[in-house]
Amino acid sequence: MKLFSAEQIYAADKFTIAKQNITSDELMERSAVQIFNWMHLRMQGAPVKIHLFCGIGNNGGDGIALARHLQEHGYNIAVYVVNYSTKRSKDFLINLDRLKDRKIWPNFMDSDGEFPEIGADDIIVDAIFGIGLNRPPAKWVGKLIDHFHASKAFILSVDIPSGLYMNQVPEQKDAVVRANFVLSFQTPKLVFFLPETGIYIDQWEVLDIGLDMEFLTAEETDYELIGKSEVLPMYVPRTKFSHKGTHGHVLLVGGSYGKIGAVTLASVAALKIGSGLVTSYVPACGYTILQTALPEAMVLTDGETAITSIDYTIKPSAIGIGMGMGTETQTIQAFATFLKSNSLPLVIDADGLNMLASNMELCSFLSKQTVLTPHEGELERLVGKWEDDFDKLAKVKALSKKFDCIVVIKGAHTITVYHDKGFVNTTGNPGMATAGCGDVLSGIITGLIAQGYESLKAAIFGVFLHGKSADLQIESKGYQALLASDVVEGLGTAYLDLFKLPEKPPQQEAESQE
Ligand SMILES: NC(=O)C1=CN([C@@H]2O[C@H](COP(=O)(O)OP(=O)(O)OC[C@H]3O[C@@H](n4cnc5c(N)ncnc54)[C@H](O)[C@@H]3O)[C@@H](O)[C@H]2O)[C@H](O)CC1
Ligand SMILES: [K+]
């Protein structure tokens with residue numbers, strides 16, 4: 001799913017209005033009706049108090065139009081106009097008049113007024129600011145937002161939590177609505193998925209307001225949200241006459257005394273994701289461990305307790321390097337020599353990234369589209385400190401372009417960056433914050449590349465499957481008990497899940513049984 005920018009959404013509105021020969025007010029009405037239907041389906045007329053806080057732009061207009069529909073269906077509403085400016089939008093005013101025609105009188109709030117009482121069991125509809133926010137909200141609006149939070153009422157935000165920008169982090173962290181649910185028009189927003197801004201959203205759902213599909217399809221976006229529909233076309237099925245040689249040979253280089261587990265986990269993940277052969281290149285102290293833990297792998301050994309040179313005669317199809325490798329001087333030398341001669345597809349993780357960060361000149365030797373899989377700490381060593389999430393993304397894009405590499409920024413929503421484009425993952429859960437999960441991911445990505453997936457697709461698909469496996473596994477294991485090995489274990493079911501049809505909603509189920 002594409003993640004559109006504010007400019008693209010405004011352009012889509014304009015295009016849709018012209019092509020469908022409708023007015024902007026009709027588009028607003030569609031938005032409001034969609035929200036109303038969503039609420040009505042869940043509330044079924046419940047007499048819960050609904051406080052609608054509406055700004056004076058089009059987000060506020062949505063709120064005012066929604067108030068009319070709620071009132072018409074007998075809901076218990078109170079409407080407030082948050083008068084943060086005198087520049088009211090045309091469609092806001094049209095809807096305000098319609099409300100007044102129905103004898104609904106909103107409370108007009110400004111910097112002097114008192115805030116209304118809101119009960120903990122009430123519902124707040126947050127329609128103060130939408131995607132048009134372009135400067136910090138006034139102080140009193142920030143206080144109103146505080147008042148929302150203090151009430152403990154359920155907050156439903158229209159389009160985007162008020163106070164969040166589309167393309168930067170908020171200056172005042174407490175002047176942003178913390179939404180329990182966001183109903184976002186047509187497209188989720190990038191800020192829902194970034195660590196500094198995603199914290200303001202518990203749950204979100206997209207409402208289709210019928211923006212022109214032709215326009216949306218043709219429009220290129222900087223970011224894409226990756227779900228099942230995006231990865232399914234990437235999947236390459238096995239063919240009847242394939243054999244283990246058809247599915248590639250992974251070479252994993254890593255491990256040091258006390259850290260052989262890292263390369264073991266990557267090796268087993270590479271096999272489980274489907275690569276035909278796996279060779280693990282480890283220090284001699286890892287030989288027995290690997291052969292015992294993973295009889296399916298082949299093992300090559302080097303120095304006693306750390307890698308001191310990387311020499312092999314096998315012909316791998318992809319190489320993963322760095323897990324548990326350490327950063328001893330001889331290991332760095334071996335790593336540098338290896339990079340200078342290697343032209344095979346490559347994945348670099350953990351200590352491989354640390355060695356790269358302390359010897360950035362080595363980046364120019366990376367084979368094309370090398371995949372780097374840093375967590376935040378490793379990333380900071382590679383690109384330097386960033387000011388905020390947007391600055392981080394800009395720095396990563398610059399690195400990716402400079403060295404033609406793919407950067408997998410690991411996090412709650414892992415983002416895979418290649419040149420100017422970012423792919424935001426939707427699978428995974430907090431149970432994955434556990435030792436060895438990163439090693440598993442690097443094994444998965446290397447294993448996919450070895451099977452013939454292009455490096456970028458392998459990174460996007462690998463990140464998805466890794467998270468999906470963990471999501472399926474916590475159903476029986478729970479968050480705390482999830483181990484990296486469980487994530488490996490679940491890879492088979494993660495593949496199978498790709499082909500599961502979504503469960504029918506209960507209503508449809510009943511109809512199909514009649
Ligand atoms: N296609 C769609 O998704 C549709 C979305 N709709 C809704 O429209 C809003 C965007 O509306 P817009 O009027 O452009 O912006 P806002 O309501 O977010 O902001 C109002 C207005 O206020 C000015 N402003 C910005 N920041 C401040 C500030 N800190 N203090 C004072 N004033 C400020 C700014 O100039 C804006 O003009 C979208 O989110 C949807 O909810 C449509 O209903 C239909 C189609
Ligand atoms: K809002």
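Two strands are said to pair if DSSP finds at least two bridges between them. Helices (H or I, at least four residues) and strands (E, at least two) are themselves DSSP runs, numbered from the N terminus. In this structure, strand β13 (residues 318–321) and strand β14 (residues 346–348) pair in the parallel sense over three bridges, and I321 stands opposite I348 in β14.

The structure is a predicted model, in which local features need pLDDT of at least 70 and side-chain atom pairs count only at pLDDT 80 or more, while totals for chains, interfaces and linings use all residues. Residues are numbered from 1 along each chain as its sequence is written, and chains are lettered from A and ligands numbered from 1 in the order in which they are written.

The pair β13 and β14 belongs to an open sheet of eleven strands with mixed pairing, in the order β1-β9-β18-β17-β16-β15-β14-β13-β10-β11-β12. At its edges stand β1 (2–3) and β12 (298–302), each of which pairs on one side only.

The protein chain is assigned domain 1 (2–221) and domain 2 (231–497); such bounds come from an automatic or database domain assignment. The centres of the two domains, taken over C-alpha atoms, are separated by 42 Å. Ten residues of domain 1 are in contact with seven residues of domain 2, where contact requires that the C-beta atoms of two residues, placed from the backbone, lie within 7 Å. On the side of domain 1 that touches domain 2, five residues are nonpolar, four polar and one charged. In this division Ala, Val, Leu, Ile, Met, Phe, Trp, Tyr, Cys and Pro count as nonpolar, Asp, Glu, Lys and Arg as charged, and the others, Gly among them, as polar.

An unreviewed UniProt entry places the feature "domain: YjeF N-terminal" at residues 9–217. UniProt positions are given in the numbering used here, feature names are shortened, and annotations may be inferred rather than shown by experiment. Over residues 9–217 the chain is 36% helix and 19% strand.

Attention now turns to ligand 1. Of the 29 residues around ligand 1, G57, N58, N59, G130 and G132 come nearest; a residue is near a molecule if its C-beta atom, placed from the backbone, lies within 6 Å of it. Helices α1 (6–19), α2 (24–43) and α3 (58–72) each supply at least two residues of this shell, and the largest share, five residues, comes from α3. The shell comprises twelve nonpolar, 13 polar and four charged residues.

A further site is listed in UniProt, again from an unreviewed entry: K410, G411, A412, H413, T414 and G438 are given as "binding site". Although spread over 29 residues of sequence, they cluster in space, with a largest C-alpha distance of 14.0 Å. G411 is placed in the loop between β16 (406–409) and β17 (415–418), whereas G438 lies in helix α14 (residues 437–450).

Why is G438 buried? G438 counts as buried because it has 25 C-beta neighbours inside 10 Å. A residue is buried if 20 or more other C-beta atoms lie within 10 Å of its own, exposed if 12 or fewer, and partly exposed in between. G411 is therefore partly exposed, with 17 other C-beta atoms within 10 Å. Leaving aside neighbours within four places in sequence, G411 is in contact with P195 and E376, and the contacts of G438 include K410.
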